[in-house]
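Here are some notes on the aromatic rings, for reading alongside the structure. Please keep the model open while going through the points.

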Amino acid sequence: MDNKTQDIDEIEIAIDRAFSDNPIAKLPYSQAIWTLLAGAEEYHFRHSVVHPATEAEMAVVVDGLLNALTYPVRTVYKNCVRDSTPINFDLNDYNYEKSVEWIGGAEDYLQFCSIFPLYRRKQITIEVKGNEILIHRKSPKNIAYEAYDRFIGKRGEMDVILADPTPLVPSLLGKMHRNGNSFQIKFTRRLVEGIVRVFGPQYLSRFVLPPHWKFVYFDIAQFKLTMACLQSLASAWMVARQLFAEQGILGAGYSSSVLIIKIAELENIIFQSTKIDKIKIQSILKYLTFGQCEIRDPDIAIQPIINLENGSYAISPLLLMHTNAERNLCVLLNQIPLEKKNYSFLVQEKESELFNRIVKSLANTSFDFRSGKIHGTDIDIAIIDRSNKVCLCLELKWFIEPAEIREVEMRSDEVAKGIKQGLKLMHLFEVQDQKLFTTLGVDASFDFQAAVGSENFIGREDIQDKRIPVLRVWHLISHLVTGDLNSTVDWLRQRKYLPKEGRDFEVRTMPITVGGWRAEWYGLRPLESS
């Protein structure tokens with residue numbers, strides 16, 4: 001290790017220590033957890049209810065909270081003392097300010113957590129002048145690829161049904177009880193049935209994985225029902241807070257912003273709602289509980305329930321309502337040794353399911369669909385317009401969306417393999433390979449194009465090739481449903497599917513600071529016109 005690398009390592013350690021040094025980290029464990037979750041809930045409540053932000057602004061607020069909250073919670077989970085001190089739910093201005101300050105500071109800390117891995121992968125260089133960290137970054141030729149993964153909607157999530165809570169309000173009011181500045185809800189069987197009936201479809205519609213997928217302790221159908229029940233309870237809790245806030249409860253219900261519920265009670269509620277075996281419910285809740293399953297660096301978005309270690313769970317409505325439950329389950333399964341092998345097999349099956357989804361989505365077109373193996377290369381799906389003599393061959397990629405720099409590298413390598421296979425198909429067409437022609441039922445007069453269709457991520461800019469477009473499968477389908485393959489191929493070749501800097505997004509330089517260490521990093525911001 002050279003002296004410069006050692007200096008950088010020491011700076012990284014100093015930044016880690018500085019971030020962890022917050023007064024909330026000195027509170028007892030359960031109090032610190034509640035204070036952080038309540039601070040995040042209050043920030044979210046102010047932006048969503050008190051002074052409602054626009055939909056685009058709210059998306060930024062939620063994304064920021066989900067990304068930032070993990071780091072303070074992780075520090076508390078690892079370092080805070082467990083004792084029997086009961087939680088004080090009253091508003092403490094000092095603790096509230098420090099919790100919000102810590103969560104806000106985590107956004108800068110998160111950037112440093114990206115910078116140092118990039119340095120070790122030699123994608124940037126670092127120069128240190130006093131407490132100033134100067135970052136020299138090779139500017140991407142086309143940052144639109146990163147913007148695509150950030151801002152182009154995922155799997156058509158704009159189609160999610162939004163629930164109207166109005167039908168639930170009368171029965172909810174009948175089971176809500178105010179005690180000073182806090183409130184409780186008596187979750188009777190009938191009330192839970194009503195809650196799930198109102199909110200359940202909103203969350204169930206977000207799942208697309210095959211219901212027969214089985215994991216070590218439960219299957220996807222059982223997880224889906226359990227998670228929809230949890231998310232429905234969280235939504236009802238948020239509605240209850242709004243109702244009490246309208247009645248003038250002090251602090252707009254801050255003291256009850258986080259649902260604190262006995263573990264056994266929650267298990268019973270889910271059992272009564274879903275009729276799933278309690279052992280399986282306990283396994284699902286264990287997977288969803290922060291730090292369980294021997295996860296080394298737990299993520300609050302992936303494991304959004306927190307065991308207060310006093311017989312109760314802490315459930316943040318913000319986290320449950322906005323989590324991408326299916327995607328986060330996939331991330332979690334890929335981190336659990338017992339699940340990894342099984343999960344790899346299911347991913348292969350998922351790529352086959354993508355084929356079926358494409359065919360089903362384009363059933364009203366006149367396209368023909370082919371697949372096969374030639375010269376050691378799979379043709380995952382070929383979409384063919386025989387009347388206009390156009391053929392689009394897709395290499396399909398299904399993997400979980402990357403959540404950190406290491407995963408970005410790994411997933412980009414997977415996309416690069418797909419691009420390489422696409423280039424091989426382009427070459428076979430150019431040399432008029434007869435096996436390719438026979439497999440697809442085409443000839444040299446066809447307009448031929450290969451591309452990569454990915455479910456979640458299109459890869460870094462530096463792995464792209466101008467001859468092989470890469471985009472999300474749902475995005476491609478949305479263009480193909482018109483039945484015009486000719487214009488779709490042109491759209492792909494001209495990269496019209498990519499967002500454009502200055503029209504759809506802008507690149508901003510951001511000053512970041514932790515513990516006196518300063519740097520400048522970049523960020524992408526969507527523009528209103530997009």
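1. The model is a predicted one. Phenylalanine 89 has a relative accessible area of 31%, so it counts as partly exposed, a class that lies between the limits of 20% and 50%.

2. A search of the whole structure gives 23 aromatic pairs. In one of them, the ring centres of tryptophan 34 and phenylalanine 89 are 5.4 Å apart, and the planes meet at 85°. Edge-to-face requires an angle over 60 degrees, so this pair is edge-to-face.

3. Is tryptophan 34 buried or exposed? Its relative accessible area is 1%. Buried means under 20%, so tryptophan 34 is buried.

4. Tryptophan 34 also pairs with tyrosine 254, again edge-to-face, at 5.6 Å centre to centre and 75° between the planes. Here, too, distant parts of the chain are linked: tyrosine 254 is in the loop between α8 (220-246) and β5 (259-262), 220 residues from tryptophan 34. Tyrosine 254 is buried, with a relative accessible area of 4%.

5. Elsewhere, ring pairs connect Phe207, Phe215, Tyr217, Phe218, Phe223 and Tyr287 into a cluster.

6. Charged side chains also sit over rings. Arginine 241 lies over the face of phenylalanine 45, 3.9 Å from the ring centre. For lysine 278, the charged end is over the ring of phenylalanine 271, at 5.7 Å from its centre.

Methods
Residues numbered from 1 in each chain as written. Predicted model: local features only at pLDDT ≥ 70, side-chain atom pairs only at ≥ 80, totals over all residues. Heavy atoms only, no water. Phe/Tyr/Trp six-rings, centres within 6.5 Å; stacked < 30°, edge-to-face > 60°. Buried < 20%, exposed > 50% of the residue type's maximum accessible area, 1.4 Å probe, protein only. Helix = DSSP H or I, 4+ residues; strand = E, 2+ residues; numbered from the N terminus. Lys NZ or Arg CZ within 6 Å of the ring centre and 35° of its normal.
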